[in-house]
Amino acid sequence: QMLQIPTPTEDDVLHSDRLPTFGDSLSKEESEALLAYLTVSYVRIPLVVDFFASQDRATYLFNRKLQDLFRAVLFEPGPWSAAG
């Protein structure tokens, strides 16, 4: 829980005064964008992958906390609803 809220929404992220910068690896704007992407369940993976793939952000993955976040986005199960 990066914002100290159980299930933050995009509005919670956008109105937060304190966003993590992961050891100053991210700017406030980048942190806001990345955390906003984490709030949208079904498109989270492509948005986060695109975030790190663009603008030379792949080097941000040298930061251990960002590595952990990226791994969690890719491999931890999230909410899922059955078809039908």
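1. A residue is called buried under 20% relative accessible area, exposed over 50%, and partly exposed in between (1.4 Å probe, protein chains only). Val49, at 33% relative accessibility, therefore counts as partly exposed, and the place of Val49 is in helix α3, where helices are DSSP runs (H or I, at least four residues) numbered from the N terminus.

2. The model is predicted, so that local features need pLDDT of at least 70 and side-chain atom pairs count only at pLDDT 80 or more, while totals for chains, interfaces and linings use all residues. Residues are numbered from 1 along each chain as its sequence is written, and side-chain values use heavy atoms, with hydrogens and water left out.

3. Helices α3 (44–53) and α4 (64–75) pack with their axes, which are lines fitted to C-alpha atoms over the stretch in contact, 9 Å apart and at an angle of about 150°, on a scale from 0 to 180 degrees between N-to-C directions. In this contact (heavy atoms within 4.5 Å), α3 contributes Arg44, Ile45, Val48, Val49 and Phe52, and α4 contributes Leu66, Phe70, Val73 and Leu74.

4. At least two residues of the nonpolar patch come from each of α3 and α4.

5. Phe22, in the loop between α1 (10–14) and α2 (28–37), is buried because its relative accessible area is 9%. The C-alpha atoms of Phe22 and Arg64 are separated by 8.9 Å, although these residues lie 42 residues apart along the chain.
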